[in-house]
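Morning, everyone. Please have a look at the screen, and then I'll talk you through it.

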Amino acid sequence: PTNYYASMTEIDRVDAVIAQWQRERPDLPTDAMAIFGRLGRLAMLAEDAINSTFVRNGLQRGEFDVLAALRRSGKPYELNPSVLAQTIKLSRAGMTGRLDRLEAGGLVRRLADTDDRRSIRVALTPTGLELIDRVVGEHVDNEEQLLADLTAADRRELDRIVRKLLGGALARR
């Protein structure tokens, strides 16, 4: 694929760094450094591509996360702010700021909780529902494009390896 060969200069930068370390410190194993160097570069490129979808639609990534969590919750697309904060791994204070911005944009609304008058629920508005449905479609298309150079078998193998690596990293925390 042409994209693969066009991106070789990016990979060569990692190879150049590894070659320098091998020359200067031949005692160091550099295979992990090479893998994490490439993973880091890939993460930066992917993050830029993924965030471009959100920015094009007037959202920050964190705002997308809130709208997506509400949408995934199913009808009536409502959650308690604490549950929402837990779902996207955010502090309550951070959640308040995001909700303020989304509410000001007409994408969510805060409602009194009918089961507990001391509590509120956060709900997608019809505008928020329309936006998240459109943006999540664009987001998935974008991610598919980012993986277009991989076969189905490549994707399964990559998923298996990343799961294993992630599981080990989480176990060591």
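One definition to start: a salt bridge is a side-chain nitrogen of Lys or Arg within 4 Å of a carboxyl oxygen of Asp or Glu. Now the ground rules. This is a predicted model, where local features need pLDDT of at least 70, side-chain atom pairs count only at pLDDT 80 or more, and totals for chains, interfaces and linings use all residues. Residues are numbered from 1 along each chain as its sequence is written, and side-chain values use heavy atoms, with hydrogens and water left out.

The overall layout, then. The chain has eight helices and three strands. These are DSSP runs, numbered from the N terminus: helices are H or I with at least four residues, strands are E with at least two. In sequence order, the pattern reads α-α-α-α-β-α-α-β-β-α-α.

What about overall dimensions? The C-alpha atoms fill a box of roughly 65 × 35 × 30 Å along the principal axes. The radius of gyration is 21 Å, while a compact globule of 173 residues would be near 16 Å. That radius is taken over C-alpha atoms, and the globule rule is 2.2 Å times the number of residues to the power 0.38. Of the 173 residues, 25% are buried. Buried means under 20% relative accessible area, exposed means over 50%, and partly exposed is in between, with a 1.4 Å probe and protein chains only.

Back to charges. Side chains of opposite charge can pair when their charged atoms come close. How many salt bridges does a search of the whole structure find? The count is 13.

Take one of them. Arginine 121 and glutamate 78 form a salt bridge, N to O at 3.6 Å. Arginine 121 sits in strand 3 (residues 120-124) and glutamate 78 in strand 1 (residues 78-79), so this pair ties together parts 43 residues apart in sequence. Arginine 121 is partly exposed at 25%, and glutamate 78 is partly exposed at 22%.

Next, glutamate 144 and arginine 155, bridged at 3.0 Å, N to O. Glutamate 144 belongs to helix 7 (residues 126-146) and arginine 155 to helix 8 (residues 152-171), eleven residues apart. Glutamate 144 has 40% relative accessibility, and arginine 155 has 27%.

Last pair: glutamate 157 and arginine 160, at 2.8 Å, N to O. Both are in helix 8, three residues apart, so about one helical turn separates them. There is also a network: salt bridges with shared partners join Asp100, Glu103 and Arg110.
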